[in-house]
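Please keep the sequence and the structure in view while reading.

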Amino acid sequence: MENRSFYNEILTEHNIHPEFKFDMEDADIVLEGVNPSCGDDVWLKLKMDGDIISDGAFIGDGCAISQASADIMLGMVIGKKKDEAIKLADTFVKMIKGEASDEEIESLEEASALQDISHMPARVKCAVLGWRTLKEALDK
Ligand code: ZN
């Protein structure tokens, strides 16, 4: 029960007051991710300093889960190395599929609030949209 309201609180907070939802005009990497099954759309924008994600933002439309997940993600990956960010993305996807260990879930900090989505198959693509786009962007 407590978990459930924490989940709602995080989603609401990141939708009403997103920290990273704005247009970054001088980004080094720009990539769009779409989830047609829900109509979610995320434009991810990253600034790179060598191997490090020095700054990031996103713009987009979509359901509360897709937008909150992207906002939480940016808060976690800015300042991290490419490899670390990719590892977080892999762990997040694992959690959403219900395959992550407790330790792995813990390493996801605030994003772990979305773990219950593993029980909502229709929302899985919403939750992983930003992370999937991030991986794709960093792979280039
Ligand atoms: Zn969605």
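Of the 140 residues in the protein, 43% are buried, that is, under 20% relative accessible area with a 1.4 Å probe and protein chains only. The model is a predicted one, in which local features need pLDDT of at least 70 and side-chain atom pairs count only at pLDDT 80 or more, while totals for chains, interfaces and linings use all residues. Residues are numbered from 1 along each chain as its sequence is written, and side-chain values use heavy atoms, without hydrogens and water.

The protein has 5 helices and 3 strands, taken as DSSP runs (H or I, at least four residues, for helices; E, at least two, for strands) and numbered from the N terminus. Their order from the N terminus is α-β-β-β-α-α-α-α. The radius of gyration is 14 Å, close to the 14 Å given by the globule rule for 140 residues, so the protein is as compact as a globular protein of that length; the radius is taken over C-alpha atoms, and the rule is 2.2 Å times the number of residues to the power 0.38.

The zinc ion has as its protein donors C38 (SG), D40 (OD), D40 (OD), C63 (SG) and C126 (SG), at 2.1 to 2.7 Å. Donors here are N, O and S atoms within 2.8 Å of the metal (3.2 Å for Na, K and Ca); water is not among the atoms, so sites may look incomplete. Along the chain the donors follow the spacing C-x1-D-x22-C-x62-C. D40 is buried at a relative accessible area of 2%, and C126 is buried at 0%.

Terms used
Buried < 20%, exposed > 50% of the residue type's maximum accessible area, 1.4 Å probe, protein only.
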